[in-house]
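Hi,

Here is the structure I promised to pass on. Have a look at it first, and then read my notes below.

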Amino acid sequence: MNSSPLPKRFTQTFLKVYHTIEAVLLVAITLATLVAIFQEFHHVFVNKAVLLTDILLMFIYLEVLSMVHQFVAHGKIPVRYPIYIAIMAIARYITLGMKELDGVFVVWLSLAALILALATLVIRFGHHYWPYKNSMLGFAALLEETKKEKAQDETSKPE
């Protein structure tokens, strides 16, 4: 089922290199997020105060980790995860700059968050009535392929 005009060996080598780079980047994103979480906890501990902006930032970090998990487990990221991050970022921005922001600008930001929330509802509604075909892509597909190869190797070993 190789529809690529490129040689199969080149395609396989390229995909293995690509998946390796993908895995390294996922580890880097995870480590960077964990460091940021640690720094935020340190900031809260030093200041001896937990602010709403700190909590919203933690939710953003949590969503980033959830996106990495979804990508590793399923090979794709639902579009609603970045939307959740955008909503949290807008809420944090409004909370941080409430005193300095112009009232009209706060209304526009709130409207943007509402539009993103409605977009999430539309996506969830659409996914409920027209679900995607269950398929694995990228790193998740490579992990699944490796599991199948190991299972085949174990079944083909003489006892």
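A residue is called buried when its relative accessible area is under 20%, exposed when it is over 50%, and partly exposed in between (1.4 Å probe, protein chains only). By that definition, buried residues account for 25% of the 159 residues in the protein.

Before the rest, some background: this is a predicted model, where local features need pLDDT of at least 70 and side-chain atom pairs count only at pLDDT 80 or more, while totals for chains, interfaces and linings use all residues. Numbering starts from 1 along each chain as its sequence is written, and side-chain values use heavy atoms, with hydrogens and water left out.

Helix α2 (residues 52–74) packs with helix α3 (residues 80–96) at an angle of about 165°, their axes being 9 Å apart. The two are therefore roughly antiparallel, a label for angles over 145 degrees.

There is also a nonpolar patch on the surface, with about 910 Å² of accessible area together; its members include Tyr93, Trp108 and Leu121. Patch residues have over 30% relative accessible area and no salt bridge, and nonpolar side chains are joined within 5 Å. A salt bridge here is a side-chain nitrogen of Lys or Arg within 4 Å of a carboxyl oxygen of Asp or Glu. Helix α4 (residues 103–129) gives the largest share of the patch, eight residues. Leucine 121 sits in helix α4 and is exposed, at a relative accessible area of 56%.

Best wishes

Terms used:
Patches are made of residues with over 30% relative accessible area and no salt bridge: like charges are joined within 9 Å, nonpolar side chains (Val, Leu, Ile, Met, Phe, Trp, Tyr) within 5 Å. Accessible areas come from the Shrake-Rupley method with a 1.4 Å probe; for residues, only the protein chains shown count as cover. Helices (H or I, at least four residues) and strands (E, at least two) are DSSP runs, numbered from the N terminus. Axes are lines fitted to C-alpha atoms, for helices over the stretch in contact, and angles run from 0 to 180 degrees between N-to-C directions. Angles under 35 degrees count as roughly parallel, over 145 as roughly antiparallel, 65 to 115 as roughly perpendicular and the rest as oblique.
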